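Here is a short report for a reader meeting this structure for the first time. Keep the sequence and the 3D view at hand while reading.

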Amino acid sequence: MPLRPTEEQRALRATVRDIVASFGHSYYQERSASGAPMQELWDALGDRGFLGLNIPEEYGGGGAGLTELAVVLEEMSVGGCPELAMVLSQGIVGSILPLHGSTAQRDRYLPGIASGAEKFVFALTEPNAGSNSHNISTTARRDGDDWVVRGTKYYISGVDHCDHFLLVARTGTDDGDGRGALTLFIVDDPDIDGLTRQRIPTALRAPERQFTLFFDDVRLPADSVVGTIGKGLRPLFDGLNPERVLSAVICTGIGKYALDKAVAYACERNVWNVPIGSHQGVQHPLAEAAIELEAARLMVWRAAALFDAGEPAGEESNMAKFLASRAGMKALDTAIQIHGGNGLAEEYGLADLWSIVRLQQVAPVSTQMVLNHIAQHTLGLPRSY
């Protein structure tokens, strides 16, 4: 793992920072309130080729890697404009399709992902499955040349903004252990016949809304299958590790955004004839938050580097997500505290980011499931769930 970013990565970070700064956190606040996508910012990044950095060059991408894509999303978050759509479309689907998509699927969908012209979302979670993906009950059965899908998906982000989505469904039962045999499908049209959606009211402040999806005999063509029928777990995890890394940089980016605002405020705010930042009671919490944030970032870039090198990155991706979600939350909470009552005022742009950072301790994988994974796979302890 390189200890210093390359000159190209430094230039990428600076350019993205300038683009995001031209929109600012107020843009994110307005889109979060209205539920409209951050389309102008998305297009500005797409026009410069920054949305497809992890997509192979033959499909119009940058041919770089997860590291470079993570730089873009971290800088969006540093600028107060975190983007969940990038986690889903570029991160998950943009990682799965180059490895497991058919030639026709790669040719059809990867150029649109690379340019940002087409967005994917991801439909895995269900009301009664939780973190146990083997327990999903949405089924897909063969009917002639088609697959017929029945079931319910829950907490699906941004389906009202997408062009397509990647669906995980049960297509059988594993003969060895009785668990569900899973298959990935591309659903070309989010308004396909038989599919209805219902918005879930939440406290999340983000442009992406959450939905329950109801599949009532939705028919998908045979060529919608991604990878091998009944063997969807392998391609699934090739997308979930990038998802964890990108979830982590939302947290580190917002943490940096919050600390920058807190430091500026502490240097300007004068209560007892000196700036409040001259007091150790203000300095030490900020310094501690900065240390933890930088430690989390080191694990983030290690996980991304391993993934880009084609090495196993599951443990590091989970560790990065665990550390970053906590460090980002601590940095944001510290910044709010230092602002006092102003920390809760809309104009200071801090408290409205609380929910998206807090979300990362629940999704895409909960803190407790990360600990289960590390206990079992890193420490060799007995499986506990």
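Predicted model: local features only at pLDDT ≥ 70, side-chain atom pairs only at ≥ 80, totals over all residues.

## A cis peptide bond and a positive phi

Start in the loop between α10 (354-359) and α11, where Pro364 is found. The peptide bond that leads from Ala363 to Pro364 is cis. Its omega is near 5°.

Tyr155 is not a glycine, yet its phi is positive, at about 55°. Most residues other than glycine have a negative phi, and most peptide bonds are trans.

UniProt lists residues 6-116 as "domain: Acyl-CoA dehydrogenase/oxidase N-terminal", in an unreviewed entry. Over residues 6-116 the chain is 69% helix and 0% strand.

Over residues 230-377 the chain is 73% helix and 0% strand. Here the end C-alpha atoms are 24 Å apart.

## Helix α4 against helix α7

Two packed helices are described by the angle between their axes and the distance between the axes. Helix α4 covers residues 66-78, and helix α7 covers residues 233-268. They pack at an angle of about 35°, with their axes 7 Å apart. The crossing of α4 and α7 is right-handed.

Which residues of α4 and α7 meet? From α4 come Leu66, Leu69, Ala70, Leu73, Glu74, Ser77 and Val78. Their partners in α7 include Pro242, Val245, Leu246, Val249, Ile250 and Tyr257. By class, the contact of α4 with α7 has 12 nonpolar, three polar and two charged residues.

## Helix α9 against helix α11

Helix α9 (residues 314-339) and helix α11 (residues 367-378) form another contact. Their axes come within 10 Å and cross at roughly 145°. The crossing of α9 and α11 is left-handed.

On the α9 side, the contact involves Gly314, Glu315, Asn318, Met319, Lys321, Phe322 and Arg326. On the α11 side it involves Thr367, Val370, Leu371, His373, Ile374, His377 and Thr378. The contact of α9 with α11 divides into five nonpolar, six polar and three charged residues.

## The second largest pocket

Rolling a probe the size of a water molecule over the atoms shows where empty space is left. The second largest pocket has a volume of about 560 Å³. It is lined by 23 residues. Closest to its centre are Ser95, Leu99, Asp238, Phe307 and Gly310.

Which elements give two or more residues to the lining of the second largest pocket? They are α5 (84-100), α7 and α8 (280-308). By class, this lining has 11 nonpolar, eight polar and four charged residues.

## One cavity

How many cavities of 30 Å³ or more are there? The count comes to one. The largest cavity has a volume of about 60 Å³.

Its lining is made of Pro37, Ala85, Leu88, Lys119, Phe120, Val121, Ser157, Gly158, His161, Cys162 and Glu208. Both α5 and β1 (120-123) supply at least two residues each to the lining of the largest cavity. By class, this lining has six nonpolar, three polar and two charged residues.

Definitions and conventions. Residues numbered from 1 in each chain as written. Heavy atoms only, no water. Axes fitted to C-alpha atoms, helices over the stretch in contact; angles between N-to-C directions. Helix = DSSP H or I, 4+ residues; strand = E, 2+ residues; numbered from the N terminus. Left-handed = near helix turned anticlockwise from the far one by under 90°. Contact = heavy atoms within 4.5 Å. Nonpolar A, V, L, I, M, F, W, Y, C, P; charged D, E, K, R; others polar. 1 Å grid on protein atoms, 1.4 Å probe; cavity = no way out; pocket = protein on both sides within 12 Å on 5 of 7 lines; lining within 4 Å. Points joined across faces, edges and corners; volume = space filled by probe spheres on them. UniProt positions renumbered as here; feature names shortened; annotations may be inferred.
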